Each structure stands twice: as structure tokens, then as C-alpha cells.
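Here is my note on the model you sent. Please keep the structure open while you read, and follow the points in order.

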Amino acid sequence: MRGSAGPTLDPGQEQVEAMMHQGVSFSAVEDAIDAAQLPGRHKAALWLLAWSLRDQAQQCLDARLLLAEVRSDGSA
């Protein structure tokens with residue numbers, strides 16, 4: 001592992017972390033990331049960070065619901 005999770009020079013990262021720790025809805029965090037004037041890979045990394053900061057049980061529930069939706073659509 002490299003370094004520790006200390007201060008960052010990425011204001012997007014700081015904003016996402018702050019929003020998640022303040023309990024802002026994941027949907028609102030997604031909207032903020034989407035609206036940011038950043039390259040797609042940067043937005044994807046911020047989204048992944050926000051996802052990783054969610055409650056693990058909620059992550060699992062959302063993944064299972066999406067899988068069930070995909071199966072019922074026949075899109076799999």
C-alpha cells in the first residue's frame with residue numbers, strides 16, 4: 001500500500017467524502033459528480049469512491065435488486 005488516507009489535493013475527492021460523511025443522499029452525490037467539469041475517468045473514480053463509502057448492507061441490497069431487475073428484463 002502506498003501512503004495513508006490523509007489530506008488530498010483533489011477537491012472533488014474531498015467534496016465527495018464530505019457529502020457522504022454528512023449523509024447526503026447517494027443520488028445527490030451522483031448528481032454532483034455528473035455536473036462536475038471533469039474527465040469521464042475522474043468522474044468514474046469519484047463515483048466508485050462514493051459507492052465505497054456507502055453502508056455495505058445497502059450496497060449489497062442495491063446490487064441484488066439490480067440483478068433481479070436485469071433477470072426479469074431478460075437482458076442478461
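1. Val16, Met19 and Met20 in α1 meet Phe26, Ala28, Val29, Ala32 and Ile33 in α2. Contact here means heavy atoms within 4.5 Å. By class, the residues of this contact divide into 8 nonpolar, no polar and no charged. Nonpolar covers Ala, Val, Leu, Ile, Met, Phe, Trp, Tyr, Cys and Pro; charged covers Asp, Glu, Lys and Arg; the others, Gly among them, count as polar.

2. **What kind of model this is.** The model is predicted: local features need pLDDT of at least 70, side-chain atom pairs count only at pLDDT 80 or more, and totals for chains, interfaces and linings use all residues. Residues are numbered from 1 along each chain as its sequence is written, and side-chain values use heavy atoms, with hydrogens and water left out.

3. **The overall plan.** The protein has 4 helices and 0 strands. Along the sequence the pattern reads α-α-α-α. Helices (H or I, at least four residues) and strands (E, at least two) are DSSP runs, numbered from the N terminus. Of the contacts with a separation of 6 or more, 40% join residues 24 or more positions apart.

4. **How α1 and α2 are set.** The two helices pack at an angle of about 165°, and their axes are 10 Å apart. Axes are lines fitted to C-alpha atoms, for helices over the stretch in contact, and angles run from 0 to 180 degrees between N-to-C directions. α1 and α2 are therefore roughly antiparallel to each other. The cut-offs are simple: under 35 degrees is roughly parallel, over 145 roughly antiparallel, 65 to 115 roughly perpendicular, and the rest oblique. The crossing of α1 and α2 is right-handed. A crossing is right-handed if the near helix is turned clockwise from the far one by less than a right angle, and left-handed if anticlockwise.

5. **α2 against α3.** At what angle do α2 and α3 pack? The angle is about 165°, with the axes 10 Å apart. That makes α2 roughly antiparallel to α3. From α2, the contact uses Phe26, Val29, Glu30, Ile33 and Asp34; from α3, it uses Lys43, Leu46, Trp47, Ala50 and Trp51. By class, that gives 7 nonpolar, no polar and 3 charged residues. α2 passes α3 in a right-handed crossing.

6. **α1 against α3.** Are these two helices roughly parallel or roughly antiparallel? They pack at an angle of about 25°, with their axes 10 Å apart. That makes α1 roughly parallel to α3. Gly12, Gln13, Val16, Glu17 and Met20 in α1 meet Leu46, Leu49 and Ala50 in α3. This contact has 5 nonpolar, 2 polar and 1 charged residues.

7. **The core.** Which residues form the largest nonpolar core? There are 8: Val16, Met19, Met20, Phe26, Val29, Ile33, Leu46 and Ala50. A nonpolar core is a set of buried Ala, Val, Leu, Ile, Met, Phe, Trp, Tyr and Cys residues joined through side-chain atoms within 4.5 Å. Buried means under 20% relative accessible area, exposed over 50%, and partly exposed in between (1.4 Å probe, protein chains only). Buried residues make up 14% of the 76 residues in the protein. Look at Met19: not counting residues up to four places away in sequence, Met19 touches Val24, Ala28, Val29 and Ala32.

8. **Arg54.** Find Arg54 in the loop between α3 and α4 (56–73). Is Arg54 buried or exposed? Arg54 is buried, because its relative accessible area is 15%. Leaving out residues up to four places away in sequence, Arg54 touches Met20, Phe26, Gln59 and Asp62.

9. **Leu38 and Lys43.** Leu38 lies in the loop between α2 and α3. With a relative accessible area of 28%, Leu38 is partly exposed. Not counting residues up to four places away in sequence, Leu38 touches Lys43 and Leu46. Lys43 is found in helix α3. The C-alpha atoms of Lys43 and Glu30 are separated by 9.3 Å, and the two residues are 13 apart along the chain.
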